[in-house]
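Trainee: I would like to learn how to read a model of two chains step by step. Could you take me through one?

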Amino acid sequence: MLAYRGGDGAAFEALYARWRGPLYRYFLRQCGHAGQADELYQDVFMRVIHAAAGYEPTAKFATWLFRIAHNRLVDHWRKAGRDPVDPPPSGEDGDDCEFDPPAPEGGAPDREAERKQLGAALLAALNSLPELQREAFLLAEEGGLTLEEVASVCGVGRETIKSRLRYATEKLRHKLESWR
Amino acid sequence: MSEIDSRHSRIYREASSEEPPAALDAAILDAARKQVAKPERHARSPWLRWMAPASAIATLVLGVSIALLVEREQPETTRDMSIHPIRSLQSPSTARTTESDLPKPADSLAPEMTAKPEVPAPTAPLRAPTATSPAQAPAALPAPAAPVLAPRPAEVAPAAAQAFPAESRAKAVESKLSAPGAAAESNAAADSALGGPGAAAPAAPAAAVRLAPLRQQATQRSPEAWLADISRLRREGRDKEAAEQLAEFRIAYPAYAVPENLLK
């Protein structure tokens, strides 16, 4: 980013190639709608481009990028009249989701098909998570951020993120129990 | 991250492969290239490219011009600032001797001197080459203890009279020998020669005509060179010319410490 700030256009292309997929998927999973994801994704990269002149490496680039993305997403939710909140702690069974991922088909033909089905089941389970828990999962997986970095992006404490991730993992595990 | 099940992480990565449309990629990369091109255009502006060197050169020229101007207007003052250390190099005993040999203010302030306290500021330097020698100090005493850099005119006359008794005596003699009003002319001439505040005052046109050569001499010759000429005239036995030159010198440089041997 510093190289791009210094006028190196190729540096941005390398940066873009590295982060285009993760950022796009972050929006796609959070919005659930490709059109909205496209709009938010493009808007965030435009902000990155315009903010390059004043960019200071106070944090990892990924942290900076996903903080912009998080802020843009929060604006989007507010505009849409949604205010994501942390759900109350679930029961012992952790089954507070309305969505049930597809169960494995009996006698799956081969291993490849099974993996695809398992992946689809995980994405469906992820989609059923509360937004803030899903966001913590996505920031960790797509952004490769640590607990502290995710907490910094979301503007909450480290323990809060840890709690969100623990609930998310428990729910995913519960939804995919039938795939073991 | 330990909070995420590694199995979930692996399955997610395998299943998650969506990417943005190519049109979005093109639009973003195009915007990024345009953003990079903007500062380049600014950098290529001739004005911006030459602004820093031009400013540096202008500053340099201005600084040198001011320095030359100051040097030209006050050559003697700036040159003789180096005399100050001489005083500090004197041994304490020498300094004591010099100070003790100074006449008391009451002695040096002759009536003639007190009658014209408005003697202009001595912008000409004070120089006493003999002052560093203790043996000669009583004769040549004044310079080291006297202020060198132009003091205020009101303060100069008494101070100069105290510090330069020989000069005071010479002035006294000069004023006695001069016709009435000569003192005023002398002051005007001194002002003129030194470029003082009274230089522009049209006090006496006749005196101005008479003092024109003096002014020229003062600007053309340094006081040291002038005194050397006077000394040469003395050696050649041309005492009358030497006395005239000395009188002119006194008018041009009223506060200058003339060596004792030239005053005899």
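Trainee: What is the average pLDDT of chain B?

Mentor: The general idea is that where pLDDT is low, the predicted coordinates should not be read in detail. In this case chain B has an average pLDDT of 64, and 41% of its residues score at least 70. Within chain B, confidence is highest in helix α1 (residues 6-15), with a mean of 89, and lowest in helix α9 (residues 137-140), with a mean of 42. The pLDDT is below 50 over residues 88-166 of chain B, although the model gives this stretch 136 contacts beyond near neighbours in sequence. Residues 176-204 of chain B also stay under 50, and for them the model has 45 contacts beyond four places in sequence.

Trainee: Which residues have the most contacts inside the largest nonpolar core?

Mentor: That core has 47 residues, and those with the most contacts inside it include Leu23(A), Phe27(A), Tyr41(A) and Leu122(A). Domain 1 (2-79) and domain 2 (111-179) of chain A both give residues to this core, so the core lies between them. Leaving aside neighbours within four places in sequence, Leu23(A) is in contact with Tyr41(A), Val44(A), Leu65(A) and Ala69(A). Apart from this core lies another, of twelve residues, among them Ile230(B), Ile251(B), Ala252(B) and Val258(B).

Trainee: How many residues does each chain bring to the contact between them?

Mentor: In general, the size of an interface is often given as the accessible area lost when the parts come together. Here we can count residues instead, and the contact takes 34 residues from chain A and 27 residues from chain B. On the side of chain A that touches chain B, the elements giving two or more residues are α2 (9-31), α3 (34-51), α5 (111-127), α6 (131-141) and α8 (158-175) of chain A. Of these, α2(A) gives the most, with nine residues. By class, this side of chain A has 18 nonpolar, seven polar and nine charged residues.

Trainee: Why does Leu165(A) count as buried?

Mentor: Leu165(A) is found in helix α8 of chain A. It counts as buried because it has 22 C-beta neighbours inside 10 Å, and the cut-off is 20 or more. Not counting residues up to four places away in sequence, Leu165(A) touches Ala136(A), Phe137(A) and Ala140(A), together with Glu3(B) and Ile4(B). The C-alpha atoms of Leu165(A) and Leu147(A) are separated by 9.3 Å, and these two residues are 18 residues apart along the chain.

Definitions and conventions: Residues are numbered from 1 along each chain as its sequence is written. Chains are lettered from A and ligands numbered from 1 in the order in which they are written. This is a predicted model: local features need pLDDT of at least 70, side-chain atom pairs count only at pLDDT 80 or more; totals for chains, interfaces and linings use all residues. A nonpolar core is a set of buried Ala, Val, Leu, Ile, Met, Phe, Trp, Tyr and Cys residues joined through C-beta atoms within 7 Å. Domain bounds come from an automatic or database domain assignment. Two residues are in contact if their C-beta atoms, placed from the backbone, lie within 7 Å. Helices (H or I, at least four residues) and strands (E, at least two) are DSSP runs, numbered from the N terminus. Ala, Val, Leu, Ile, Met, Phe, Trp, Tyr, Cys and Pro count as nonpolar, Asp, Glu, Lys and Arg as charged, and the others, Gly among them, as polar. pLDDT is the predictor's confidence in each residue, from 0 to 100.
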